[in-house]
Amino acid sequence: MDLRQLRYFQTIAREGQITRAAKKLHVAQPPLSQSLKALETELGVKLMERNGRKMELTEAGNILYQKTIHLFEYVEDTCIEVKDTAAGIKGILSIGCVKTCFPQIPKKLKYFHRKYPNVHFQLKEGDSYLLAEELIQRSIDLAIVRLPLDMSLFAKQSLPSENYIAVIPESWSTTSTAKTITMKKLSELPLLLLHRIHGQGQYELILEQFENHRLSPKIICECPDVDMILQLVSEQVGATIIPELTLQNHPLRGLKQLPIKDHSFPSYSAIIWLKNRYLPKSAKRFIELFTGDK
């Protein structure tokens, strides 16, 4: 058994057909079939069975397939670690970030790029749940997310907390000098709230604050995209409640942000990464930027 055999087996299992696996691997079909048969002979078990045009894993095959996932992740991490030992800070750093956290990033990236010009960035956007999934799939190295989040698989570096603020259409302000808004007044307005695609987060936190005040908010829209929500606010569809840094440098006009007068509840965010994954030097140096004054 060697790594090439296991890679062939893993690809056949993923693709479900030898034909598709051959295209994926850019090899002819006969060597794939021969490799699978040789692997089954060596292990003394049937790993895959044909069901029509599809190749399906046996119970033994599924065990081997799951092991190959961890094996190749380990091989990949080992290669990165070995290259890191001999190389400087370079390569690709893939970062995921929720939109409401992005204002914390540009200055850090600017500083990082000046210090490590050989690092190429890949930036991905998504809500906290989706970015956590991207980390698990190893599609990104780091993610900057809003909490709460199930942290059982992740390590984190906490970021400065922010207060939630209300954002209303400028034309809705009762007086031009109004500087705050109450929870009761917010409960009377049509609200557009951020809501994750899956899992619990800011949406549930905000609802809890209304419940603490024994208020029932009028929620007319839930959406995972803050830009879409703010566009609707600018069109006077409703008001929203978001972390205070979200509006920093935002191009939309016709918005008025107001501190919530009778309640202050913080929004927490963090940089997270997989606990059991080797972090490249570039990722470690990026995290360090958030522990100092850079």
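Which residue in E2 is the bridge partner of Arg50? Select Met55, and there it is: in E2, Met55 is the bridge partner of Arg50.

Before going further, two notes on reading what follows. This is a predicted model, so local features need pLDDT of at least 70 and side-chain atom pairs count only at pLDDT 80 or more, while totals for chains, interfaces and linings use all residues. Residues are numbered from 1 along each chain as its sequence is written, and side-chain values use heavy atoms, with hydrogens and water left out.

**Stop 1: the hairpin**

Helices (H or I, at least four residues) and strands (E, at least two) are DSSP runs numbered from the N terminus, and two strands pair if DSSP finds at least two bridges between them. The hairpin has two residues between its strands, and Gly52 takes a positive phi near 70° there.

**Stop 2: the five-stranded sheet**

Now colour E4, E3, E5, E13 and E6, in that order. These five strands form an open sheet with mixed pairing. Strand E4 (119–125) and strand E6 (154–158) stand at the edges with a single partner strand each, so one side of each has no neighbour in the sheet. Direction ignored, neighbouring strands of this sheet are turned by 25° against each other on average (the axes are lines fitted to C-alpha atoms, for helices over the stretch in contact, and angles run from 0 to 180 degrees between N-to-C directions).

Zoom in on strand E3 (residues 91–97), which runs parallel to E4 and is joined to it by seven bridges. Pick Ile95 and you'll find Leu123 of E4 standing opposite. Then pick Gly96, also in strand E3. Buried or exposed, would you say, for Gly96? Gly96 is buried, at 0% relative accessibility; buried means under 20% relative accessible area, exposed over 50%, and partly exposed in between (1.4 Å probe, protein chains only).

**Stop 3**

A bit of background first. Most residues other than glycine have a negative phi, and most peptide bonds are trans.

Select Leu147 and Pro148: the peptide bond from Leu147 to Pro148 is cis, with omega near 10°. Pro148 sits in the loop between strand E5 (142–146) and E6.

Next, select Arg138, in the loop between helix H6 (128–136) and E5. Arg138 isn't a glycine, yet it has a positive phi of about 65°. Arg138 counts as buried, at 14% relative accessibility.

Jump to Arg214, in the loop between H8 and E9. Arg214 has a positive phi too, about 55°, and is not a glycine. Arg214 is exposed, with a relative accessible area of 81%.

**Stop 3: a strand, a helix and a strand**

E8 pairs with strand E9 (residues 218–223) in the parallel sense, over five bridges. Leu191 stands opposite Ile219 in E9. Why is strand E8 (residues 190–194) largely enclosed by the rest of the structure? Because four of its five residues are buried.

**Stop 5**

Select strand E7 (residues 162–169), where seven of the eight residues are buried. Its antiparallel pairings include:

- E12 (residues 266–267), through two bridges, with Ser267 as the bridge partner of Glu162.
- E10, through four bridges, with Tyr164 opposite Pro243.
- E11, through five bridges, with Leu258 as the bridge partner of Ala166.

While you're there, find Gln248 in the loop between strand E10 (240–243) and strand E11 (255–259). Gln248 is partly exposed, with a relative accessible area of 39%. Gln104 is 144 residues away from Gln248 in sequence, but 9.5 Å away in space, C-alpha to C-alpha.
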